[in-house]
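Hi,

Here is the structure I promised to pass on.

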Amino acid sequence: MLPLLPDESASLDALANSLGVRVKDLLVLINFESGWNPAARNPITGARGLIQFMPDTARSLGFNSADDLVEKYPTRKAQLDGPVRQYFERLKPFSGSPQDLFMSVFYPAARRWGLSNQFPAPVQKSNPGIRTPLDYIQHAYAVAGLRYAAPIGAALLLVVVGAYFLLRK
């Protein structure tokens with residue numbers, strides 16, 4: 001990951017705190033989507049910027065296009081303080097789970113899915129190796145040189161704790 005300048009780090013911290021998400025998750029997400037390149041462009045979809053704004057999303061934020069967004073907000077700090085913040089603020093509240101944050105960018109309908117729910121076939125086809133929200137999050141962490149371990153579900157935890165106490169008798 002590219003090192004951030006102090007003012008960029010301050011903007012990232014302020015945004016994460018405002019959203020109630022971990023700075024690390026936001027850092028990993030943006031790194032995965034754009035490599036922290038504010039001018040990044042997906043040649044297939046036309047998505048642009050730090051979080052790869054789709055053209056329709058850019059228009060919904062008041063821009064003429066995704067290119068217009070990047071032209072008006074050409075730096076990492078400008079995008080963090082401007083359209084990235086604007087996009088995430090309209091999706092609040094966040095649950096605090098990485099899935100909620102990551103899926104808000106990749107596939108918003110999956111924000112509240114189970115981690116193992118399958119994406120529709122066209123989404124899987126255009127994103128090889130990403131079949132579920134968990135796949136996406138783990139892949140994003142791996143690109144950053146990190147490992148993501150999914151949280152243990154509450155039901156599984158209760159079973160394990162219950163079994164432990166039963167076996168102790």
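**Salt bridges and a helix pair**

Asp-81 comes out as partly exposed, its relative accessible area being 36%. Keep in mind that this is a predicted model. Asp-81 makes a salt bridge with Lys-77, with 2.5 Å between the closest N and O atoms. Both residues sit in helix 5, four residues apart, or about one turn of the helix. Lys-77 is partly exposed too, with a relative accessible area of 27%.

In the whole structure, a search turns up twelve salt bridges. Another one pairs Arg-76 with Glu-8, closest N and O atoms 3.0 Å apart. Arg-76 belongs to helix 5 (residues 76–89) and Glu-8 to helix 1 (residues 6–19), so this pair ties together parts 68 residues apart in sequence. Arg-76 and Glu-8 are both buried.

Then there's Arg-48 with Asp-67, at 2.5 Å from N to O. Arg-48 is in the loop between helix 2 and helix 3, while Asp-67 is in helix 4 (residues 66–72). Arg-48 is buried at 8% relative accessibility, whereas Asp-67 is partly exposed at 28%. Arg-41 joins these two in a network of salt bridges.

Now the helix pair. The axes of helix 2 (residues 23–34) and helix 6 (residues 98–106) come within 10 Å and cross at roughly 30°, so the two helices are roughly parallel. The crossing is right-handed. Helix 2 contributes Asp-25, Leu-26, Val-28, Leu-29 and Glu-33 to the contact, and helix 6 contributes Pro-98, Leu-101, Phe-102 and Val-105. By class, that gives seven nonpolar, two charged and no polar residues.

Cheers

Conventions: Residues are numbered from 1 along each chain as its sequence is written. This is a predicted model: local features need pLDDT of at least 70, side-chain atom pairs count only at pLDDT 80 or more; totals for chains, interfaces and linings use all residues. Side-chain values use heavy atoms; hydrogens and water are left out. Axes are lines fitted to C-alpha atoms, for helices over the stretch in contact, and angles run from 0 to 180 degrees between N-to-C directions. Angles under 35 degrees count as roughly parallel, over 145 as roughly antiparallel, 65 to 115 as roughly perpendicular and the rest as oblique. A crossing is left-handed if the near helix is turned anticlockwise from the far one by less than a right angle, and right-handed if clockwise. Contact means heavy atoms within 4.5 Å. Ala, Val, Leu, Ile, Met, Phe, Trp, Tyr, Cys and Pro count as nonpolar, Asp, Glu, Lys and Arg as charged, and the others, Gly among them, as polar. A salt bridge is a side-chain nitrogen of Lys or Arg within 4 Å of a carboxyl oxygen of Asp or Glu. Buried means under 20% relative accessible area, exposed over 50%, partly exposed in between (1.4 Å probe, protein chains only).
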